[in-house]
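Here's a quick briefing to read alongside the model. Have a look at the fold of each chain first, then work through the points below.

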Amino acid sequence: MDTAVFARWIGEIAAAVRADKDRLTRLDAAIGDADHGANLERGFDAVVRALADDSPDTPGALLGLVGNTLIRRVGGASGPLYGTAFREAGKALGDARTVSTADLARALEAGLAGVRRLGGAAEGDKTMVDAIAPAVRALAEAVRDGSGQREALGAAASAALAGAEATIPMRAGKGRASYLGPRSVGHEDPGAASAALVFAALCAAEAASDESRGG
Amino acid sequence: MVGIVLISHSGPLAAEVAALAARICAVDVPLGAAGGTEDGGLGSSPELVAAMIERVDQGDGVILIPDLGGSVLTARLFEAPGVVVADVPFVEGTIAAVISASAGAPLRAVLAAAEDARRFRKF
């Protein structure tokens, strides 16, 4: 995967966030402060503009720019969290011009570690970690099993979606929803839902780039 | 003197707690409020926080005191040698930190004073 695939990934995320903005906001209205959709839309729109102004020439530099822009522009808690995830993933990729699925799996592991460090959430706390951790695990397993890139990214996207849905019966242990105690049960976590969009977008970007190359 | 930066989703909240702490304390402590977004909305702005850290930094270290939620995460992005985040009650921790800093205490002692505020019973 080259820088163009990563740029396409970000474009796909921005489009998915725009399309699902109302759903994310509805989820956040149930157990949060009803701004997750709007915050992420503002953040990723800013990212798309930043990438248009300054096109980085490596995947690592691109993810770094994405992370810094999200931290500056999102405003809510998801800004530092997603920003750190992209920044750490970018750092892990270094200045390589192309990235293998194994490189990407390691970079996303670094991103997840950054999110965990910053927010202190573990799996089961009903946060974005509940979608990201299983996705990163599925990607690493697929790499280990020798799966193709498409298959590996598909497994990660499915695991993220399943992880997000699995937050519905959870009781929140972190974030604003944790003040609700047992009343947080029965709602999907908005951060996990948006993380599932991020992994679905990665899968879509890889497929689209492959097709545009005629592969 | 140790510098102190208050971080809140609300600009007025950070500004008022800073004003209260400054009034309670006779000595001018380098104290900054970084609340809200740059356009005055609710949220936290890393750019405001960065500017405030620079303004209050006299070379003796800086303590960041966030209120809750995203402010804590934003504060933690700035952890560095000489810049620490205090996990303390916003008002009480700020007052304790400002009074301690005004007495010329070093960074570690100011942080400890702020953390002590967690245990103070009101009655």
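Chain A of this predicted model has nine helices and zero strands. Reading from the N terminus, its elements go α-α-α-α-α-α-α-α-α. With a radius of gyration of 16 Å against the 17 Å that the globule rule gives for 215 residues, chain A is as compact as a globular protein of that length. Chain B brings in a parallel sheet.

**Chain A: dimensions and packing**
- The C-alpha trace of chain A spans about 50 × 40 × 30 Å along its principal axes.
- Buried residues make up 57% of the 215 in chain A.
- Looking at contacts in chain A with a separation of 6 or more, 66% come from residues 24 or more positions apart.

**Chain B: the sheet**
- Four strands of chain B make an open sheet, ordered 2-1-3-4, with parallel pairing.
- Strand 2 (31-35) and strand 4 (83-85) of chain B sit at the edges, each pairing on one side only.
- From one strand to the next, the twist averages 20°.
- Strand 1 (residues 3-8) of chain B pairs with strand 2 of chain B over five bridges, in the parallel sense.
- Across from B:I7 you'll find B:A34, in strand 2 of chain B.

**Chain B: helices across the sheet**
- Helix 4 (residues 90-102) of chain B lies across strand 1, strand 2 and strand 3 (62-66) of chain B, and runs at about 165° to strand 3 of chain B.
- Helix 5 (residues 107-116) of chain B lies across strand 3 and strand 4 of chain B, at about 20° to strand 3 of chain B.

Note on methods. Residues are numbered from 1 along each chain as its sequence is written. Chains are lettered from A and ligands numbered from 1 in the order in which they are written. This is a predicted model: local features need pLDDT of at least 70, side-chain atom pairs count only at pLDDT 80 or more; totals for chains, interfaces and linings use all residues. Helices (H or I, at least four residues) and strands (E, at least two) are DSSP runs, numbered from the N terminus. The radius of gyration is taken over C-alpha atoms; the globule rule is 2.2 Å times the number of residues to the power 0.38. A residue is buried if 20 or more other C-beta atoms lie within 10 Å of its own, exposed if 12 or fewer, and partly exposed in between; C-beta atoms are placed from the backbone. Two residues are in contact if their C-beta atoms, placed from the backbone, lie within 7 Å. Two strands pair if DSSP finds at least two bridges between them. Axes are lines fitted to C-alpha atoms, for helices over the stretch in contact, and angles run from 0 to 180 degrees between N-to-C directions.
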